Amino acid sequence: MSHSRGLLRLLPRSTIVASRPFSTTAPAFVKAGDSIPDVDLVEASPGNKVNLAKELQGKGLVIGVPAAFSPACSASHIPGYLNSASLKEAGKVFVVSVNDAFVMKAWGATLDPQNKSGIRFLGDPDAKFTEALDLSFESASIFGNNRSKRYALKVEDGKVKEAYVEPDNTGVDVSSADKVLK
């Protein structure tokens, strides 16, 4: 008999906690038909509030990323949208990250210096927007705090029409411009 089993015999039955079986419950994150959260984000400076529930009363796209200036976000995910001929048909386009307004402004200026795309880069510094969508994930060991899963939301009249959420949180597959702007 192993040493740990012998120790369990010494504990009163009430202190032994049964292990939980693996859960196969589907994630509860944002889905088609959900309203865009009525939460203020920031653009260029902390005092410049932007509310996507109000901004997206027509057709639009919200692209969520784990971190500004991170390799996949800067090298492939957002450039895929910037370089897509189909971007102009998407309506108003916003990139959102759990970053401050200054970081998002600098990142936007790096990726699209002349702002030819019309994409707006918004910070979600306290992750309230991300959490309202149920799209945050534990990433403190990588990014220093919890961040957003990588996603894209097609929006019409303030409601999610289609949600493209990366199953591994950070990959660039289902939320890529090629798949979202088809």
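Colleague: What counts as a pocket here, and how does it differ from a cavity?

Modeller: On a 1 Å grid over the protein atoms alone, a cavity is a set of points where a 1.4 Å probe fits but cannot get out, whereas a pocket is an open set with protein on both sides within 12 Å along at least five of seven lines, and lining residues have an atom within 4 Å of a point. Rolling a probe the size of a water molecule over the atoms shows where empty space is left. This is a predicted model, in which local features need pLDDT of at least 70 and side-chain atom pairs count only at pLDDT 80 or more, while totals for chains, interfaces and linings use all residues. Residues are numbered from 1 along each chain as its sequence is written, and side-chain values use heavy atoms, with hydrogens and water left out.

Colleague: Which residues line the second largest pocket?

Modeller: Its lining consists of Glu43, Ala44, Met104, Lys105, Gly108, Ala109, Asp112, Pro113, Asn115, Ile119, Arg120 and Phe121. Helices (H or I, at least four residues) and strands (E, at least two) are DSSP runs numbered from the N terminus, and helix H4 (101-111) gives the largest share of this lining, four residues.

Colleague: Is serine 176 buried or exposed?

Modeller: Buried means under 20% relative accessible area and exposed over 50%, with partly exposed in between (1.4 Å probe, protein chains only), so serine 176, at 15% relative accessibility, counts as buried. Serine 176 lies in the loop between strand S9 (159-165) and helix H7 (177-180). Leaving aside neighbours within four places in sequence, serine 176 is in contact with His77, Tyr81 and Glu166, where contact means heavy atoms within 4.5 Å.
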